[in-house]
Amino acid sequence: MNSFLKLMLKQPLWQGAGEGGQGGGDPAPGAGDPPPAGDPAPATKWFEAEAYQPYSEMLVAKGFATDDMQDALPKVLNAYAQAEKRLGKPADSMMDRPGKDQPVPEWMRANGDLFGIPEAADKYQVNRPDDWPKDAAWNEALEAQVRDIAFEEGVSQAALQRMSDVYAASVQKLMDDADQMLEQANTEMMGELEKSWGKETDARLAMALQAKSVVAEKAGLSPEHIANLAEALKPKIGDAGTIKLFAAIGEMMSDDMLPGNDGLTAGMGTTPEQARADLAALTSPGGDYFEAVQKKDRAAITRLQPKVDRLRRIVSS
């Protein structure tokens, strides 16, 4: 339409169809000569000129193909003004629609500056929440997969960040809920153990830990597996059934693990506090182990060393 208007405006409004020259002055040479013999050539109308051929169908369809260009120009200008008014913006600021059979995401990526889509999937800036727990893992593989999907579907940078924030908030809530459930389960577990064992709860917990050490060592478990097993036996955060199982194992083993009649116990029911006191009594000045070491009494050291080792394991557990 703009090109058509420019063409029309080049034609002076005072110049009629078929008139030449720059207006005024003497007529062109031969203007008064009679037409040549034979049938006169039909006059070419202004809208039939070569310059207007691309618009000829539109001119005829819209009723602009009048004999006088001065009559057609106001109609064209009015149609142009009405079209701009209806569109709400100048024609040169309109965006092309997607091409035939062109996927909309592809068209949006081609206009990425307008829609806020980066030039590649790895150009998205996904920021983690400021309050994201430092000890919580961030699923970077999932983030990369989401970036690819966002780019393929024409998702804007701002939209992807908002979706990431929503997902992160939901994960944090799951973690918080899990912590609360664990705390509640631990409270119930300790209540169950204390209800079953009463005043013997601490001694039986110690017995379970000692049995764990003996069984793990016998089974040849790695330090990592032993540590995982220890987590399941910790008071307040362990599993009540597992603690009861190892306490029962410890009780069955207690007769074999008890020391001699030396007034110091290091059996399966010995608590860490009791083991610490017994170890101090043995290794402090005046204690049997201390004196044996001072006197270099190898027989006494050999006899007392297993008990010292057991007490040290109980204290460390």
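Among contacts in the protein between residues at least 6 apart in sequence, what percentage join residues at least 24 apart? In this predicted model, the share is 60%. The secondary structure comprises 13 helices and zero strands. Read along the sequence, the pattern is α-α-α-α-α-α-α-α-α-α-α-α-α. The protein has 317 residues, and 28% of them count as buried.

Helix H11 covers residues 272–283 and helix H13 covers residues 298–316. The two helices pack at an angle of about 140°. Their axes lie 8 Å apart. The crossing of H11 past H13 is left-handed. On the H11 side, the contact involves Pro272, Ala275, Arg276, Asp278, Leu279 and Leu282. These residues meet Leu304, Lys307, Val308, Leu311, Arg312, Ile314 and Val315 in H13. By class, the contact of H11 with H13 holds nine nonpolar, no polar and four charged residues.

The length of H11 was then checked against its residue count. At 1.5 Å a residue, the 12 residues of H11 should span 16 Å. The end C-alpha atoms of H11 are 16 Å apart, which agrees with this expectation.

Burial along H11 was considered next. The buried residues of H11 are Ala275, Asp278, Leu279 and Leu282. They cover an arc of only 100° around the axis, so they sit on the same side of H11. Which helices are included in what covers the buried residues of H11? Both helix H12 (288–295) and H13 are among the covering elements.

Serine 164 lies in helix H7, which runs over residues 157–197. Is this serine buried or exposed? Serine 164 has a relative accessible area of 12%, under the 20% cut-off, and is therefore buried. Leaving aside residues up to four places away in sequence, Serine 164 touches Val126, Asn127 and Trp138.

Most residues other than glycine have a negative phi. Aspartate 101 is not a glycine, yet its phi is positive, at about 65°. Aspartate 101 is found in the loop between helix H3 (69–87) and helix H4 (104–110). With a relative accessible area of 73%, over the 50% cut-off, Aspartate 101 is exposed.

Lysine 296 also has a positive phi, of about 55°, although it is not a glycine. Lysine 296 lies in the loop between H12 and H13. The relative accessible area of Lysine 296 is 70%, so this residue is exposed.

Methods. Residues are numbered from 1 along each chain as its sequence is written. This is a predicted model: local features need pLDDT of at least 70, side-chain atom pairs count only at pLDDT 80 or more; totals for chains, interfaces and linings use all residues. Side-chain values use heavy atoms; hydrogens and water are left out. Axes are lines fitted to C-alpha atoms, for helices over the stretch in contact, and angles run from 0 to 180 degrees between N-to-C directions. Helices (H or I, at least four residues) and strands (E, at least two) are DSSP runs, numbered from the N terminus. A crossing is left-handed if the near helix is turned anticlockwise from the far one by less than a right angle, and right-handed if clockwise. Contact means heavy atoms within 4.5 Å. Ala, Val, Leu, Ile, Met, Phe, Trp, Tyr, Cys and Pro count as nonpolar, Asp, Glu, Lys and Arg as charged, and the others, Gly among them, as polar. The expected span of a helix is 1.5 Å times one less than its number of residues. Buried means under 20% relative accessible area, exposed over 50%, partly exposed in between (1.4 Å probe, protein chains only). The arc is that of the directions from the helix axis to the C-beta atoms.
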